[in-house]
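Take a walk through this fold, one element at a time. Keep the viewer open and follow along.

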Amino acid sequence: MLSGVEAIVELLILRRQLDERAGLSTATMVSGYPGSPLGTLDLALENQAERLAAHRVIHRPGVNEELALAAVWGSQMGRAVPYKEVDGVAGAWYGKTPGLDRSGDVLRHANAMGSGPHGGLVLFCGD
């Protein structure tokens with residue numbers, strides 16, 4: 001049995017494994033606000049750092065939700081400037097609803113830019 005936070009960590013690894021089976025070399029960028037209602041997610045990611053690194057999952061906590069989302073948005077810019085090392089980067093963000101509200105500008109611009117064919121972004125939000 002897994003907790004919800006543990007399931008998210010496993011999901012990040014599973015996504016990479018599915019990409020590998022499809023012949024893709026991908027990575028994942030995760031950022032969010034430590035201490036959010038999903039706050040134990042940052043602890044779980046740090047506890048699994050070596051295992052995640054083996055699957056090219058990089059976790060960089062943000063100063064706040066907006067800056068964390070901007071960092072994840074940056075991981076999607078492979079569409080504009082193609083990555084040389086990987087076929088694509090998936091982005092994952094975690095935070096609380098007020099942080100999501102203040103991140104509207106970043107979301108709007110990220111949505112307008114889009115992601116590469118092997119990228120994408122998922123938001124994990126809790127209160």
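Leaving aside neighbours within four places in sequence, which residues is leucine 41 in contact with? The model is predicted, and in it leucine 41 meets Val5, Ile8, Val9 and Tyr94.

Leu41 belongs to the largest nonpolar core, a set of 15 residues. Val30, Leu41, Leu45 and Tyr94 touch the most other members of this core. Three elements, α1 (4-21), α2 and β3 (88-96), each supply at least two of its residues. The top contributor is α1, with five. A separate core of nine residues lies apart from this one; Ala68, Leu69, Val86 and Trp93 are among them. In soluble globular proteins, nonpolar side chains tend to be buried together.

Now turn to α1. It has 18 residues and reaches 25 Å from its first C-alpha to its last. An α-helix has 3.6 residues a turn, so residues three or four places apart point the same way. After the helix comes glycine 23, with a positive phi near 85°.

Next, the sheet. Four strands form an open sheet, and their order is β2-β1-β3-β4 with parallel pairing. The edges are β2 (57-59) and β4 (120-126). Each edge strand has a single partner, so one side of each lacks a neighbour in the sheet. On average, neighbouring strands are turned by 15° against each other, direction ignored. α1 packs on this sheet and touches β1, β2, β3 and β4. The direction of α1 makes about 160° with that of β1.

Seven bridges link β3 to β1 in the parallel sense. Seven bridges also join β3 to β4, again parallel. Individual pairs can be picked out. Glycine 32 has tyrosine 94 of β3 as its bridge partner. Tryptophan 93 stands opposite leucine 123 in β4.

Two loop residues complete the tour. Tyrosine 33 is placed in the loop between β1 (26-32) and α2 (39-47). Is tyrosine 33 buried, exposed or partly exposed? It is partly exposed, at a relative accessible area of 27%. Not counting residues up to four places away in sequence, tyrosine 33 touches Gly62, Val63, Asn64, Glu65, Tyr94 and Lys96. Tyrosine 33 and tryptophan 93 are 60 residues apart in sequence, but 8.6 Å apart in space, C-alpha to C-alpha.

The other is arginine 56, in the loop between α3 (49-54) and β2. Its phi is positive, about 60°, although arginine 56 is not a glycine. Arginine 56 counts as partly exposed because its relative accessibility is 30%, and the buried class ends under 20% while the exposed class starts over 50%.

Technical notes:
Residues are numbered from 1 along each chain as its sequence is written. This is a predicted model: local features need pLDDT of at least 70, side-chain atom pairs count only at pLDDT 80 or more; totals for chains, interfaces and linings use all residues. Side-chain values use heavy atoms; hydrogens and water are left out. Buried means under 20% relative accessible area, exposed over 50%, partly exposed in between (1.4 Å probe, protein chains only). Contact means heavy atoms within 4.5 Å. A nonpolar core is a set of buried Ala, Val, Leu, Ile, Met, Phe, Trp, Tyr and Cys residues joined through side-chain atoms within 4.5 Å. The expected span of a helix is 1.5 Å times one less than its number of residues. Two strands pair if DSSP finds at least two bridges between them. Axes are lines fitted to C-alpha atoms, for helices over the stretch in contact, and angles run from 0 to 180 degrees between N-to-C directions.
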